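I opened this notebook to keep track of what I looked up. The entries run in the order in which I made them.

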Amino acid sequence: MTSTETRTIITINPASGKPLQHYPVFDETEIEQALAETYAAALLWRRVPAEERARMLGTVSNVLEARRDELAALVTAEMGKPLAEAAAEVDKCVWQCRQYAADGARYLESESVAVPAESCQLVYEPLGVILAVMPWNFPLWQVFRFAIPALLAGNTVLLKHAANVTGSALAIEAVLAGSDLPSGVLRTLVIDEADVPAVADGLISDPRVAAVTLTGSTRAGAHVASAAGRALKKSVLELGGSDPFVVLADADLETAAAHAAKSRFMCAGQTCIAAKRIVVHRDVADRFQALLVEAVAAMTVGDPTDAATTIGPLARPDILEQVQRQVERSVAKGATVLTGGRRLDCEGNFYSPTVITDVTADMPVLAEETFGPVVALIRVDDDDQAVAVANATDYGLAASVWSRDVDHALAVGSRIESGALFINTLVSSDPRVPFGGTKRSGYGRELGAAGVREFTNLRTIWVAPSGA
């Protein structure tokens, strides 16, 4: 929520609906200053050896650990996830920083190529300032997931975070400032949401910005990609998802149901890699459905600061209203709610965890991305139909397949269009392996060696033989 008269961003606690903080919106001078600082820092940071950059990034983990409880409480207050989930998010950022401190520099080592020359080297050189437009659902991790590999590669970061997590965005800048990293390698912009398209276009076209990355909606991704295309600059997009969770006839149903519930309802279902469509073989569907409904019905919705809570509020009222509309319109078309299916009659943005079945492709719970605690269960007759249903979406972020026979699961999973495939476990990101999607889920990769190299110039250096 913003106040245009005072040009401030007001963050709101989604569990109570009450204001948290007021943050002054940056004016043009402050935006220019932040860009100038990250650009100046980039010219110096790129000259620091990769091994030293990795060491400095490792010291960020110490600051995160020291501020763990404070940061977790801030995340919970701003976007509503249960406190235990918020603390786990901080811990994941700690792990990532230490992982890259230990292994990251090797991803940037030059490579020799055997050609008729004195030498031929392939080197990875930083691009410069990277503009990052980031979402609110994992206020810390989404930024760290991109920023730590980009910084390791020698780039600097200009961060435009979601307005409702402005406090978390500024806290990220403070965390990095409290480490051994030099000043200016990451600056946060406080931008009114109404100004974001114009500000982003202006920054992308600025010659001091080398590239852009966005995690968010397909609509926002299309806007950023268009602006980057006009400026002929690199872009990486991590967009929406409608991930299939495929349960084959020979799956361990108890384990699969427990993981399905965890995957879909973490962060109140507000995550792109959640298991949004459960595709289950008809022979085991009744048993799986009973296990899933039992697990979901047992979840506790409430105050995210209460240790007993497993489902907190949705982050904003408009998200709650959208989820409610999607379920109501799907039921009107013939879908059946097995549990949940309603907003809670209390203050805050609470929606009951929901399992819905008897769904068809034209219903909103399948035709659209549902960003809330709602999962659709679809019965299929065989593996071929499971693959067809899994692929019946514009999205292609990730998929998981469940079977006691790993070869069987791999055979089915290899036919599903996705950026990642997980067998007998829920989809998650890991600092050691690349993450990203295909189709309308975006392009480019974060994390792993690919994530470090994504915002580099792969340069060939050819030295002719002596006397040639």
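I began with Gly 104, which lies in the loop between α4 and β4 (111–112). For names like these, helices (H or I, at least four residues) and strands (E, at least two) are DSSP runs, numbered from the N terminus. I noted that this is a predicted model, where local features need pLDDT of at least 70, side-chain atom pairs count only at pLDDT 80 or more, and totals for chains, interfaces and linings use all residues. Residues are numbered from 1 along each chain as its sequence is written, and side-chain values use heavy atoms, with hydrogens and water left out.

Is Gly 104 buried or exposed? Gly 104 counts as buried because its relative accessibility is 0%. Buried means under 20% relative accessible area, exposed over 50%, and partly exposed in between (1.4 Å probe, protein chains only). I then listed its contacts, where contact means heavy atoms within 4.5 Å. Leaving aside neighbours within four places in sequence, Gly 104 is in contact with Gln 99 and Leu 152. I also checked His 259, which is 155 residues from Gly 104 along the chain. The C-alpha atoms of the two are separated by 31 Å.

**Entry: the α4 and α5 pair**

Next I looked at helix α4 (residues 83–103) and helix α5 (residues 141–152). Their axes come within 10 Å and cross at roughly 10°. Axes here are lines fitted to C-alpha atoms, for helices over the stretch in contact, and angles run from 0 to 180 degrees between N-to-C directions. α4 and α5 are therefore roughly parallel to each other. The classes are set by angle: under 35 degrees is roughly parallel, over 145 roughly antiparallel, 65 to 115 roughly perpendicular, and the rest oblique.

Which residues of α4 and α5 meet? From α4 I wrote down Glu 89, Lys 92, Cys 93, Gln 96, Cys 97 and Tyr 100. From α5 they meet Trp 141, Phe 144, Arg 145, Ile 148, Pro 149 and Leu 152. The residues of this contact divide into eight nonpolar, one polar and three charged. In this scheme Ala, Val, Leu, Ile, Met, Phe, Trp, Tyr, Cys and Pro are nonpolar, Asp, Glu, Lys and Arg are charged, and the others, Gly among them, are polar.

**Entry: the cores**

I turned to the nonpolar cores. Such a core is a set of buried Ala, Val, Leu, Ile, Met, Phe, Trp, Tyr and Cys residues joined through side-chain atoms within 4.5 Å. The largest has 122 residues, and Leu 64, Ile 278, Phe 288 and Leu 292 touch the most other members. Its largest share, nine residues, comes from α5. A second, separate core of 28 residues includes Ala 34, Leu 35, Val 190 and Ala 227.

I followed up Leu 292. Not counting residues up to four places away in sequence, Leu 292 touches Ala 257, Ala 260, Ala 261, Ile 278, Val 355, Val 375 and Leu 377.

Ser 242 lies in the loop between β10 (234–238) and β11 (243–247). Ser 242 is buried, with a relative accessible area of 5%. Beyond residues up to four places away in sequence, Ser 242 touches Lys 276, Arg 277, Thr 393 and Tyr 395.

Thr 218 is in helix α8 (residues 218–230). At 13% relative accessibility, Thr 218 is buried. Leaving aside neighbours within four places in sequence, its contacts are Leu 239, Gly 240, Tyr 395 and Arg 440.

**Entry: positive phi**

Asp 358 is not a glycine, yet has a positive phi of about 55°. I found Asp 358 in the loop between β14 (354–357) and α12 (364–367). Asp 358 is partly exposed, at 46% relative accessible area.

Asn 424 is not a glycine either, and has a positive phi of about 60°. Asn 424 sits in the loop between β18 (420–423) and β19 (438–439). Its relative accessible area is 29%, which is partly exposed.

**Entry: the whole chain**

I ended with totals. The protein chain has 15 helices and 21 strands. Buried residues make up 56% of its 468 residues. The C-alpha atoms fill a box of roughly 75 × 60 × 40 Å, taken along the principal axes. Of the contacts with a separation of 6 or more, 71% are between residues 24 or more positions apart.
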